[in-house]
Amino acid sequence: MLTELARAVPLALLFALPVTVVGGLLLHRMRRRSITAAMTTLALVPLAAALGGVVGVSGLMYTPQLVGTIAVCVVVGLVTVPVAWWLGSRFAREALWQREASAAELETVRRGERARRELVAWMSHDLRSPLAGIRAMTDALADGVVREPAEVEDYLGRIRRESNRMAGMVEDLFQLSRATSAGLTLRLVPVALGELVSDAVAAEAPAAEAAGVRIVAEDPEGWPVVHGSDAELTRAIRNLLTNAIRHTSAGGRVVLSGGMREGRVRLGVLDGCGGIPAEDLDRVFDVGFRGSAARTPREGPGAGLGLAIARAFAEAHGGSLEVRNQGPGCLFELSLPGLRPEPAPPRAVAQA
């Protein structure tokens, strides 16, 4: 028995080793081309090597043991090869998905970093001018260059306005940080949409009056109840109104409309901006984006954060904020989860 085994081992190695080497080279080539082909080759190489070894031991002669071994190898191959092919296909899909996910994640990180750098640059630019103006006016007051009571009062008023602008920018940055924070927790309660809009309209009425813009609410008594946080939703609506007033010419109107659609609360804010270029529609919610106008700081335009804050608060509520050109301007549509389809009696909506 030992003698036969000693004779069989060299013969088996003699025939199996070349098959294994060829299979290894083939596997090396396949791994660079297809994971599925590599896995199938990996399953076939041991079977082919075993079959070669058995043929070598049999002395290339037809024997019952050879037939039985070939049959076993064939049966094993019928089971292992399809499994190897299936595993290879699955591994290939997972590898492709991971590669695409990694690329998408990297692109997201790059886009976020680019937006962060742009925001820092824009805010630095917007803060530099009012700071320089405040410093120059305070120096003039301190050095006695400006002495007349009327001039002193004018300088103090300008300093106050510039300080208010900077305080608004800082507040916008704080709200943007809150709205985009992963740790933001909202206290959701039933709130009448009409009440939220009434508070926002009352807050923005002075700005609308100064700009000669009228704010009109369509059938506010029929607006539904929303499931949300009062302060954050009021802030989002105020930002939409501020944006609409800023881009509507004197004598124009900002029209507010509300209702239910497909089980969700909808609030539309239609301004008279004349429309947004198609290439800018997807960018109006980007942090710091203020259109193609020059970025020179002045009383009107803000820091370009209002719409980004509004969308972030909408998404924090499980809603959305979209924009499209319509009629004389743009329609910003805020969609939020509704509490129930029946409208709740809101307070009277202020008319500006």
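Mentor: Let us begin with glutamate 262, which is placed in the loop between strand S4 (253-261) and strand S5 (264-270). Helices (H or I, at least four residues) and strands (E, at least two) are DSSP runs, numbered from the N terminus. The model is predicted: local features need pLDDT of at least 70, side-chain atom pairs count only at pLDDT 80 or more, and totals for chains, interfaces and linings use all residues. Residues are numbered from 1 along each chain as its sequence is written, and side-chain values use heavy atoms, with hydrogens and water left out.

Trainee: Why is glutamate 262 called exposed?

Mentor: The term rests on relative accessible area: under 20% is buried, over 50% is exposed, and partly exposed lies in between (1.4 Å probe, protein chains only). Glutamate 262 has 78%, and is therefore exposed.

Trainee: What is the phi of glutamate 262?

Mentor: Its phi is near 55 degrees, a positive value in a residue other than glycine. Most residues other than glycine have a negative phi. A positive phi is also found at glycine 318, which follows helix H7 and has a value near 80 degrees.

Trainee: Which residues of helix H7 are buried?

Mentor: In helix H7 (residues 306-316) the buried residues are Leu307, Ala308, Ile309, Ala310, Ala312, Phe313 and Ala314. Asparagine 239, in helix H6 (residues 230-246), touches Gly306, Ile309 and Ala310, residues up to four places away in sequence not being counted. A contact means heavy atoms within 4.5 Å.

Trainee: How do you know whether asparagine 239 counts as buried or exposed?

Mentor: The relative accessibility of asparagine 239 is 11%, which falls under the limit for buried, so the residue counts as buried.

Trainee: What makes a set of residues a nonpolar core?

Mentor: The residues must be buried Ala, Val, Leu, Ile, Met, Phe, Trp, Tyr or Cys, joined through side-chain atoms within 4.5 Å. The largest such core has 44 residues, and Leu241 and Leu256 have the most contacts inside it. Leucine 256 is in contact with residues including Val197, Trp223, Leu241 and Val269, its neighbours within four places being left aside.

Trainee: How do you know how many disulfides there are?

Mentor: A disulfide is a pair of cysteine sulfur atoms within 2.5 Å, and by this rule the count comes to 0. For cysteine 273, the nearest cysteine sulfur is that of cysteine 330, 3.0 Å away. That distance is not within the limit, so cysteine 273 is in no disulfide. Cysteine 273 is partly exposed at 27%, whereas cysteine 330 counts as buried at 0%.

Trainee: Why is the pair of glutamate 333 and arginine 266 called a salt bridge?

Mentor: A salt bridge is a side-chain nitrogen of Lys or Arg within 4 Å of a carboxyl oxygen of Asp or Glu. The closest N and O atoms of glutamate 333 and arginine 266 are 3.5 Å apart, so the pair meets the rule. Glutamate 333 lies in strand S7 (residues 329-340) and arginine 266 in strand S5, so the bridge ties together parts 67 residues apart in sequence. Salt bridges with shared partners join Arg261, Arg266 and Glu333 into one network. Glutamate 333 is buried at 11%, and arginine 266 is buried at 17%.

Trainee: How many salt bridges does a search of the whole structure find?

Mentor: The search finds 8. Among them, arginine 235 and glutamate 171 meet at 3.8 Å, N to O. Arginine 235 lies in helix H6 and glutamate 171 in helix H4, so this pair ties together parts 64 residues apart in sequence. Another joins glutamate 162 to arginine 165, with the closest N and O atoms 3.4 Å apart.

Trainee: Why are glutamate 162 and arginine 165 said to be separated by about one helical turn?

Mentor: They are 3 residues apart in helix H4 (residues 149-179), which means a separation of about one turn. An α-helix has 3.6 residues a turn, so residues three or four places apart point the same way.
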